[in-house]
Amino acid sequence: MTEQKGLAPAAGLTWARMCKECGQGHEGQDSHLYDYQEEVDDELVCHICLQPLLQPMDTPCGHTYCLQCLSSFLRDQDFCPVDRQRLQLQQCRPSSLLVRNLLDKLTVLCPFYSECQQSMQRCELQPHLHNRCPAFRRLREEAERRKRPCWNELKGSKTEGESDTKSNPALTRTVNPCGPPEPGLVNPAFEEGEDEVPLRSSLVAEANVVELFRDEPEEDLGLRIVGGKDTPLGNIVIQEIVRDSVAARDAKLAPGDHILEANDVSLTSVLHGHAIAVLRRPCSVLRITVMQEKGFKPRPEHHTHSSASPPGHPAHNLHISGTVIQVTLVKRDRSEPLGIKLIRKSEEPGVFILDLLAGGLASKDGKLRNNDKVLAINGHDLRHGTPESAAQIIQASEVRVNFVVMRQLDTEEGGDMQSRGARRVPDTQYFRRHSTFMKDPPGGFSSQEKTVSLKKEPRQSLGITIAGGRDCRSRLPVYITSVQPVGCLHRDGTIKPGDVLLSINGVDLTHLTYNEAVSSLKTQAAHSAVTLRVIRTITEEEEEDGDAANKEEMDTLENPREDDINWSPLWTRWLGLPSHMHWCRDIVLLKTNNESWGFSIVGGYEESRGQQPFFIKTIVPGTPAHFDGRLKCGDEIVAVNGATTVGMNNSSLIPMLKLQKNKVTLTVVSWPGSLV
């Protein structure tokens with residue numbers, strides 16, 4: 001029997017240094033610490049850390065260790081710590097369900113036991129901390145207040161004398177009105193007053209640490225990533241958050257966040273493929289440092305020209321498809337339910353009110369309505385949140401619950417607003433890139449066509465699986481996801497996963513939907529002779545990289561596992577595709593005179609790489625581009641108001657965008673980010 005010594009109380013531990021799973025202070029790579037109430041059997045103890053097992057792994061020689069302890073040990077050694085038999089991590093398997101259940105049922109004390117007086121099974125500690133422990137909740141709320149400007153500050157309720165820069169200079173970035181703008185950047189703080197005098201306000205950004213908890217070490221985070229030092233974007237940027245994923249459940253990350261570090265590995269100046277490999281490394285807890293745009297610091301009141309806006313609401317409410325409303329519900333006690341059913345929608349991110357229960361507090365108050373979109377609760381941003389995260393915030397709240405919601409305008413209410421462009425224009429049809437919009441791929445990216453002709457038995461399969469098609473969300477061309485060992489193309493060896501299909505036996509496949517492509521491939525594959533044309537994109541690093549480790553890393557990323565049915569190419573794979581295979585769409589943005597469009601760009605002519613396409617780098621919260629929701633980081637701007645951007649430099653495109661007063665039409669090409 002192993003005697004467990006009591007741990008030091010968590011009092012005095014700061015939120016930043018506290019592990020959000022066990023509530024103790026330890027380094028990110030170290031094992032979790034628990035205060036076990038009873039002695040633990042030696043059979044349930046790891047022989048490396050001498051603590052009860054966490055994520056137990058069985059070796060072929062019959063020993064059991066913590067996953068993290070064994071992984072760290074085998075980085076430097078190649079044998080079992082007990083009997084020194086040869087061992088690799090891939091040979092080990094998770095312990096039986098019985099062993100894991102025994103470990104989960106060990107009784108532990110809350111690290112804040114002196115305050116909450118609670119003990120529980122080990123598997124219940126994390127839910128206890130996040131949902132019931134008053135000390136943990138207090139520390140979290142204090143940290144949130146320190147590191148995040150409250151919702152009202154973002155909406156312009158701060159007094160003229162206050163300054164975000166003074167209160168937190170290390171985490172706040174402002175746009176310098178005197179200095180030169182960042183190269184390739186449409187200054188998102190540029191504003192024009194009615195007197196044509198340029199006005200600038202400060203753009204607030206914060207560096208925050210977000211911890212993502214995986215149920216399984218290899219579980220996808222649910223982030224789509226763009227950028228990297230080998231691309232025009234430079235930084236690693238979150239393009240999209242996949243619904244119902246680890247990142248979506250956490251609700252602290254948002255599209256447009258720039259990733260600076262992942263588990264203490266810097267991602268500020270790395271290749272796209274390296275960043276993806278780091279983010280995909282198996283681990284139970286991933287600690288990400290991100291730079292998050294928070295919107296504009298409010299201008300002094302004498303610069304505000306929109307007197308029509310309701311008190312407390314900024315002028316940018318004019319272009320969103322509804323009215324922003326603040327509602328405060330006051331409970332008789334903390335346990336009183338609000339009587340609100342929350343849901344998510346498939347067509348739009350965020351949290352919506354499905355129903356108000358009759359007789360409930362919200363129904364009696366009468367200010368909230370069905371279908372209201374919840375933007376924030378008690379200062380917590382929920383524009384990309386989930387009903388689960390909203391429910392946790394409500395449960396943890398005191399007697400006052402402050403809602404900020406957006407309400408869709410009724411037809412009769414919205415007539416005047418619609419005439420000013422308040423409603424979002426419906427998506428237009430996608431179309432092939434016009435000949436006047438053609439351009440070369442970004443520097444470092446190219447493509448190569450390949451033709452395969454082979455003889456086969458009429459019933460023999462090609463042995464490939466495909467995805468894409470012009471009916472998928474991003475209007476991707478049809479591409480190969482796997483080459484099966486049973487097919488004739490595998491023996492030839494020319495065709496690889498990620499190759500884009502051009503034609504089969506002269507039948508064009510570039511304009512087909514997925515089902516049409518499948519039908520054409522089956523029909524032509526029935527012939528005894530097949531000629532397949534494909535195109536493969538190539539990066540400069542692939543051609544020049546002689547480092548075996550990097551090459552192995554890229555091979556792992558680019559070649560799908562046999563069981564990976566959702567595999568897709570990295571974002572960088574699409575950048576080398578020829579222009580005639582791009583499908584574009586027009587996005588119309590509308591704004592008032594004194595607003596910024598709300599996005600920054602990179603690209604144009606660069607001495608080192610020549611002419612580069614223009615890409616969206618940042619989308620600022622609370623701006624027309626953000627509320628419209630269709631522009632994404634990593635989108636390429638093909639044309640502005642029908643005028644091609646090919647051949648333009650920054651000094652041409654930036655003034656063109658600034659000169660558009662109330663409406664601009666952007667023609668864009670959008671590729672899905674790399675999934676991690």
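How many bridges join strand β5 to β6, and in which sense do the two strands run? Point 2 has the answer.

1. **The model.** This is a predicted model, where local features need pLDDT of at least 70, side-chain atom pairs count only at pLDDT 80 or more, and totals for chains, interfaces and linings use all residues. Residues are numbered from 1 along each chain as its sequence is written, and side-chain values use heavy atoms, with hydrogens and water left out.

2. Three bridges join β5 (residues 107–109) to β6, and the two strands run antiparallel. Strands are DSSP runs of E with at least two residues, helices are runs of H or I with at least four, and both are numbered from the N terminus. Two strands pair if DSSP finds at least two bridges between them.

3. **The whole chain.** The protein chain holds 19 helices and 34 strands. It has 676 residues, and 50% of them count as buried. Buried means under 20% relative accessible area, exposed means over 50%, and partly exposed lies in between (1.4 Å probe, protein chains only). The accessible surface is about 32400 Å², with 49% belonging to carbon and sulfur atoms. Such areas come from the Shrake-Rupley method with a 1.4 Å probe, and for residues only the protein chains shown count as cover. Now take contacts (heavy atoms within 4.5 Å). Among those with a separation of 6 or more, 67% come from residues 24 or more positions apart.

4. **Two nonpolar cores.** A nonpolar core is a set of buried Ala, Val, Leu, Ile, Met, Phe, Trp, Tyr and Cys residues joined through side-chain atoms within 4.5 Å. The largest one has 37 residues, and Phe112 and Cys133 touch the most other members. Two or more residues come from each of β3 (64–66), α1 (67–76), α4 (125–131) and α5 (134–147). Another core lies apart from it, with 26 residues that include Leu212, Ile238, Leu267 and Leu570. In soluble globular proteins, nonpolar side chains tend to be buried together.

5. **Helix α1.** Which residues of α1 are buried? They are Leu67, Cys69, Leu70, Ser71 and Leu74. The buried residues of α1 pack against β2 (56–58) and β3. An α-helix has 3.6 residues a turn, so residues three or four places apart point the same way.

6. **Strand β11 and its neighbours.** Six of the six residues of β11 (residues 236–241) are buried, so this strand is largely enclosed by the rest of the structure. β10 and β11 pair in the antiparallel sense over five bridges. Val226 stands opposite Val237 in β11. Two bridges join β11 to β12 (residues 258–262), again antiparallel. There, Ile236 stands opposite Ile259 in β12.

7. **Arg224, a point to check.** Arg224 lies in β10 (residues 223–227). Arg224 is buried yet has no salt bridge, and the nearest side chain of opposite charge, Glu240, is 4.3 Å away. Lys and Arg count as positive and Asp and Glu as negative, while His and the chain ends are not counted. Leaving out residues up to four places away in sequence, Arg224 touches several residues, among them Val237, Ile238, Glu240, Ser568 and Pro672.

8. **Salt bridges.** A salt bridge is a side-chain nitrogen of Lys or Arg within 4 Å of a carboxyl oxygen of Asp or Glu. The structure holds 14. Glu449 and Arg533 form one of them, at 2.9 Å, N to O. Glu449 lies in β22 (residues 445–455) and Arg533 in β27 (residues 529–539), so the pair ties together parts that are 84 residues apart in sequence. Glu449 is partly exposed, at 47%, and Arg533 is partly exposed, at 30%.

9. **A buried pair and a network.** The side chains of Lys450 and Asp499 meet at 3.1 Å, N to O, in a salt bridge. Both Lys450 and Asp499 are buried. Elsewhere, salt bridges that share partners join Arg243, Asp244, Arg344 and Glu388 into one network.
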